[in-house]
Amino acid sequence: MPRPKKIPDARVLDIALRIIQSCGPSSLTFAALSKESGLSAATLVQRFQNKEGLVRASLLHAWDLLDTRTEELAGQVPKMPAGAVDLLVALSGDCGEMESHADSLLVLREDFRDPVLRRRGADWKGALSARLEACFEGTPAAPDGIGSLLFTQWQGTVLWWGFEPDQPVDDFVRQNLERFVATLLG
């Protein structure tokens, strides 16, 4: 069967992300991507220059997808404290099962190592925190910066779920965040 001549970068990066998610960032090579995409390794090198460029492009693509998902979900939840929890619970569902959650920490390591990816993560945190903050507008007991506080609590909750995955991540996150919000709001 002949190799495809053209596949859009977004499609190639989707394939690259599947490789990263199934086997970790170190498994993303031009040879592996060539095999999965049907494009020649030389074509992929032309597009992404080197492995570092390929990994960065793949993870920036992942951030783009997460930005889109975050905005979609944020537009669907009510602008009230329960809506903020609903938003974070919905985003937690992306953790999947325990194995994929553990593998995602390898991806996070790549984000920490690369200043461009690190900046992208910080930008996402700022945007999500602002969306969460908006859910508390008009809530008298809400402290300043509640969006950032809730974001931080959520990230810790998702991390710690990995140590106690005896219930679905959605349930664990909802219980912990509802308790946190109730405590903050008195």
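Arg120 contacts Leu60, Trp63, Asp64 and Asp67 when residues up to four places away in sequence are not counted, a contact being heavy atoms within 4.5 Å. Arg120 belongs to helix α7; helices (H or I, at least four residues) and strands (E, at least two) are taken as DSSP runs and numbered from the N terminus. With a relative accessibility of 19%, Arg120 counts as buried. Buried denotes under 20% relative accessible area, exposed over 50%, and partly exposed in between (1.4 Å probe, protein chains only). The model is a predicted one, in which local features need pLDDT of at least 70 and side-chain atom pairs count only at pLDDT 80 or more, while totals for chains, interfaces and linings use all residues. Residues are numbered from 1 along each chain as its sequence is written, and side-chain values use heavy atoms, with hydrogens and water left out.

The protein chain contains nine helices and zero strands, in the order α-α-α-α-α-α-α-α-α along the sequence. Along the principal axes, its C-alpha atoms fill a box of roughly 65 × 30 × 30 Å. Of the 186 residues in the protein chain, 38% are buried. When contacts between residues at least 6 apart in sequence are considered, 65% join residues at least 24 apart.

Helix α7 (residues 115-134) also takes part in a helix pair with α5 (residues 81-92). Two packed helices are described by the angle between their axes and the distance between the axes. For α5 and α7, the axes come within 9 Å and cross at roughly 145 degrees. Here axes are lines fitted to C-alpha atoms, for helices over the stretch in contact, and angles run from 0 to 180 degrees between N-to-C directions. From α5 the contact involves Ala84, Leu87, Leu88 and Leu91, and from α7 Trp124, Leu128, Arg131 and Leu132. By class, the residues of this contact are seven nonpolar, no polar and one charged. In this scheme Ala, Val, Leu, Ile, Met, Phe, Trp, Tyr, Cys and Pro are nonpolar, Asp, Glu, Lys and Arg are charged, and the others, Gly among them, are polar.

Helix α2 (residues 30-37) has Phe30, Leu33, Ser34 and Ser37 as its buried residues. These cover an arc of only 105 degrees around the axis, which puts them on the same side of α2; the arc is that of the directions from the helix axis to the C-beta atoms. An α-helix has 3.6 residues a turn, so residues three or four places apart point the same way. Exposed residues Ala31 and Lys35 are carried on the face of α2 turned away from its buried side. The buried residues of α2 pack against α1 (9-23), α3 (41-48) and α4 (51-76). Just after α2, Gly38 adopts a positive phi of about 85 degrees.

On the side of α1, Ile15 is in contact with Leu33, Glu36 and Ser37, leaving aside neighbours within four places in sequence. Ile15 is buried, at a relative accessible area of 3%. Ala10 and Ser58 are 48 residues apart along the chain, and their C-alpha atoms are separated by 9.0 Å.

A positive phi of about 70 degrees is found at Gln49, although Gln49 is not a glycine. Most residues other than glycine have a negative phi, and most peptide bonds are trans. Gln49 is placed in the loop between α3 and α4 and is exposed, with a relative accessible area of 56%.

Helix α8 (residues 146-161) has 16 residues and should span 22 Å at 1.5 Å a residue, in agreement with the 22 Å between its end C-alpha atoms. The expected span is 1.5 Å times one less than the number of residues. Buried positions in α8 are Ile146, Gly147, Leu150, Phe151, Trp154, Thr157, Val158 and Trp161. Viewed down the axis of α8, the buried residues fall within an arc of 135 degrees, so they line one face of the helix.

The structure holds zero disulfides, a disulfide being a pair of cysteine sulfur atoms within 2.5 Å. Cys23 is exposed at 52% relative accessibility, whereas Cys135 is buried with a relative accessible area of 1%.
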